[in-house]
Amino acid sequence: MVHVVRREIIDERGYLFDDWTPADPEIHRADVVVYSNCDEVELFINGRSIGTKPVAEDDAPTVWTLLYESGTIKAVGKINGKNAAVHEHVTANQAVKISLDVEKDVITNDWDDVVYVTATVTDKNGVRNPVGGHSVKFTLDGPGEIVAVDNSDVFSHERYKSDTRTSYLGKVVAIVRALGDEGVISVKASADGLESDSVDIKINSKK
């Protein structure tokens with residue numbers, strides 16, 4: 001496996017971000033951290049090789065410091081000189097829409113059976129845009145309810161028991177539960193200035 005992230009220094013502390021879209025596009029230095037259990041890793045930016053480094057025996061991350069430029073950052077893990085794993089990030093353009101995903105599309109009418117619905121803010125190409133926060137509102141049609149909403153921001157003071165949450169790093173999650181033994185729950189997510197999206201969850205009376 002190989003996984004590439006960028007490290008940004010905020011208030012003299014280093015934070016890892018799973019994207020290639022910094023809040024400040026004018027930054028000059030970019031720290032790239034690659035996790036892998038391969039023999040070595042080669043890093044590319046916009047198709048240009050930045051170099052190859054061996055992976056430490058304890059699989060500690062490999063780090064590059066380079067000049068930031070928008071586009072595609074890609075890490076290729078190699079074993080015995082052959083490509084074994086690839087991971088990349090693409091710089092997001094302006095946020096234009098919401099994309100909904102569900103962990104499953106069938107649910108039963110049981111108090112502990114829920115569906116996690118993830119709303120992702122993306123650009124026109126479907127690339128997650130992590131910059132800024134959008135107030136995402138979830139609405140339901142059908143025999144169901146929103147149990148809670150969350151965004152993984154540990155500093156947020158917004159209520160969990162709500163239908164609206166501010167996106168954090170481009171994502172918001174709604175937890176949905178059925179209130180009937182049959183039917184379809186249609187979940188919609190919308191935000192000002194963004195194209196909305198919806199998904200259907202079918203209720204199955206049998207466990």
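**Salt bridges, a proline and a strand**

Modeller: Let's start with Asp113, which is buried at a relative accessible area of 13%, since buried means under 20% relative accessible area, exposed over 50% and partly exposed in between (1.4 Å probe, protein chains only). Before going on, note that this is a predicted model: local features need pLDDT of at least 70, side-chain atom pairs count only at pLDDT 80 or more, and totals for chains, interfaces and linings use all residues. Residues are numbered from 1 along each chain as its sequence is written, and side-chain values use heavy atoms, with hydrogens and water left out.

Colleague: Which residue meets Asp113 in a salt bridge?

Modeller: Lys104 does, at 2.6 Å from N to O. A salt bridge here is a side-chain nitrogen of Lys or Arg within 4 Å of a carboxyl oxygen of Asp or Glu. Lys104 counts as partly exposed because its relative accessibility is 30%.

Colleague: How many salt bridges are there by this rule?

Modeller: The count is eleven. One of them joins Arg6 and Asp19, with the closest N and O atoms 2.7 Å apart. Arg6 is in strand E1 (residues 2-10), while Asp19 is in the loop between strand E2 (13-17) and strand E3 (29-36). Strands (E, at least two residues) and helices (H or I, at least four) are DSSP runs, numbered from the N terminus.

Colleague: Why does Arg6 count as buried?

Modeller: Because its relative accessibility is 6%. Asp19 is buried too, at 5%. Arg6, Glu8 and Asp19 are linked in a network of salt bridges.

Colleague: Now the proline. Where is Pro130?

Modeller: Pro130 sits in the loop between strand E11 (114-122) and strand E12 (135-141). At 9% relative accessibility, Pro130 counts as buried.

Colleague: What is Pro130 in contact with, leaving aside neighbours within four places in sequence?

Modeller: Asp19, Thr21, Leu169 and Gly170. Contact means heavy atoms within 4.5 Å.

Colleague: Last topic, E12. How many bridges join E12 to E16?

Modeller: Five, and the two strands run antiparallel; E16 covers residues 183-191. Two strands pair if DSSP finds at least two bridges between them. In E16, Ala189 is the bridge partner of Phe138.

Colleague: And in which sense do E12 and E14 pair?

Modeller: Antiparallel, over three bridges, with E14 spanning residues 164-166. Thr164 in E14 stands opposite Lys137.
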